[in-house]
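This report describes how two parts of one chain meet. The structure comes first, and the description follows.

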Amino acid sequence: MISSYVVEPDYSRLKADLVGVLVFKGEETLPKEVEALNTELGGGIKALLGTPEFTCGVGESVLIYGFRGGVKRVLVVGGGDKGSANAEVLRTYGAVVVKRAKELGLRSVAITARFLSGKEESLRAIAEGAELANYVWGAKKDLRRVEELVIAGPEEVEGAERILKEVGVVSEAVSLGRDLANGPAEEVNPETFEERVREAFKGLPVTLKVLHEEDLRREGLNGIIAVGKGSAIPPRLVIIEYRGAGEGEPWIAVVGKGVCFDAGGLDLKTAASMFDMKFDKAGAAYAVAVAYAAAKLGLKVNLVALAPLVENLPSGSSYKPLDIIKMYNGLTVEVHNTDAEGRLILADALAYAAKNYSPEVMIDMATLTGSIISALGCHAAGLFSNDEGLKEEIMKAAEETGEKVWPFPMWEEYYEDIKSDFADIKNIGVGRAAGAIIGAVFLSKFVGDTKWAHLDIAGVANTQQEGPKKPYYPKGATGFGVRLLLQFLRSKERSG
Ligand code: BES
Ligand code: MN
Ligand code: ZN
């Protein structure tokens, strides 16, 4: 979508298939530029306020048609109470307008800006919502997208062009992540995932390294080997190095679970629970997206993204219950359930990152457990960390990007649950108890002294059946975590 910002003191002059207007609850006097539009519509916007059918709740909307030529359609969007309006309200607003335009098959949209505390941040939020909502996946791709977006405001916004360009890159990255996650297993498997990454990063200042089966074996990345054994397509570890802070500065590692399809392995899932398991590579997809945006934006950080890629399938060559795996860091793991596969591939990738990059911080994203959905539903990701400061930094970034995370404990007691009689640890706990915590506790055994955080995104990675309800999350992959980690990386940028 081509986006631009224009200064326009009279919104009745806007030319677009659809014009969006944001109004707040109980607002009696509209800004004068909106008032002009209201007059053009014969008082239609004001007439709507205070009616029982429009309560002005956040994201609520009513479409008004203009009869005098000029402006043809106006979407009046509710912003709730003005006092509690924040960036997420503006993101929602931008998204609602674009979503409706897409549904109506309209190609050009004008969104009128309302500025909250900071003009720049307000513009960024509106544009972000609009761009993220404009994503379409699948065969209908080119049919319904909005092509042209104008954001109009009553006054200049410093750096508007740069802000919109940045938002464009972030949205491109989120789209890349969503595309990789949305791709059915037939289309996006460990081999084609690698190809797509190579294609996407062409011309960007990164070094791509891919460890294939023989490399994984030589390095002793046996967790990835074990899970990948049951598939006809060999597993691999994709590594993207981006040096934006220069030599000598420490790495930040982002690791994503890349199970291109999780049938459960020999501990086969039921049909219902297998249904949306093409999304089990979302963590890897979103980690790749973070690296893409960081490189394209030129962030001053040294970032390494690692994506262990496998398919977890039942076959004659599959790994089996009670197999004992000697992991990359030397720990032995007794397999008590082949469906707890994500932690095995992540454990190796985390240990590999810790050993070979000595990162100052390491964050993983994984659709790790159904248990996190029992705990938080589809509204938030579970946050686990071995460092309080890091935990807080991530919660702060999440607050800013509107991606909800919630912290969980990793107390000593839980480590008892993964003890094994015949190996160092086993890959599940006791029954179904505290499944998400057990997954995190397992991972923590592979990070050494590295400051590390784990985001269990099983509930928020996609909206195929259920998922977080936001107008900027179209059906399918959400891209949850990409903006959050980019926000975190921005706070880690080296000056100079
Ligand atoms: N990929 C699943 C987790 C999952 C479940 C993601 C539902 C999205 C929606 C993971 O590999 C898995 O199968 N986890 C098991 C672990 C259990 C066997 C200890 C689970 O959560 O049931
Ligand atoms: Mn599984
Ligand atoms: Zn899985």
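## Contact between the two domains

In this predicted model, the side chains of E88 and K470 form a salt bridge, with 2.7 Å from N to O. The domain assignment of the chain places residues 4-153 in domain 1 and residues 170-491 in domain 2. Between domain 1 and domain 2 the count is 2 salt bridges. Residue pairs in polar contact between the two domains number 9, with both residues at pLDDT 80 or more.

On the side of domain 1 that touches domain 2, α3 (87-104) and α4 (119-133) each supply at least two residues. The largest share of that side comes from α3, with 6 residues. By residue type, the side of domain 1 that touches domain 2 divides into 6 nonpolar, 2 polar and 6 charged residues.

The centres of domain 1 and domain 2, taken over C-alpha atoms, are 37 Å apart. Domain 1 brings 14 residues to the contact, and domain 2 brings 17 residues.

About 1400 Å² of area is buried between domain 1 and domain 2, and carbon and sulfur atoms give 59% of this area. Within domain 1, the residues that lose the most area to domain 2 are L132, Y135 and W137, which together account for 50% of what that side buries.

Definitions and conventions
Residues are numbered from 1 along each chain as its sequence is written. Chains are lettered from A and ligands numbered from 1 in the order in which they are written. This is a predicted model: local features need pLDDT of at least 70, side-chain atom pairs count only at pLDDT 80 or more; totals for chains, interfaces and linings use all residues. Side-chain values use heavy atoms; hydrogens and water are left out. Domain bounds come from an automatic or database domain assignment. Contact means heavy atoms within 4.5 Å. Buried area is the accessible area (1.4 Å probe) that two parts lose on being put together, summed over both. A salt bridge is a side-chain nitrogen of Lys or Arg within 4 Å of a carboxyl oxygen of Asp or Glu. A polar contact is a pair of N or O atoms within 3.5 Å; within protein, one must be able to donate a hydrogen and the other to accept it, and residues adjacent in sequence count only if both atoms are side-chain atoms. Helices (H or I, at least four residues) and strands (E, at least two) are DSSP runs, numbered from the N terminus. Ala, Val, Leu, Ile, Met, Phe, Trp, Tyr, Cys and Pro count as nonpolar, Asp, Glu, Lys and Arg as charged, and the others, Gly among them, as polar.
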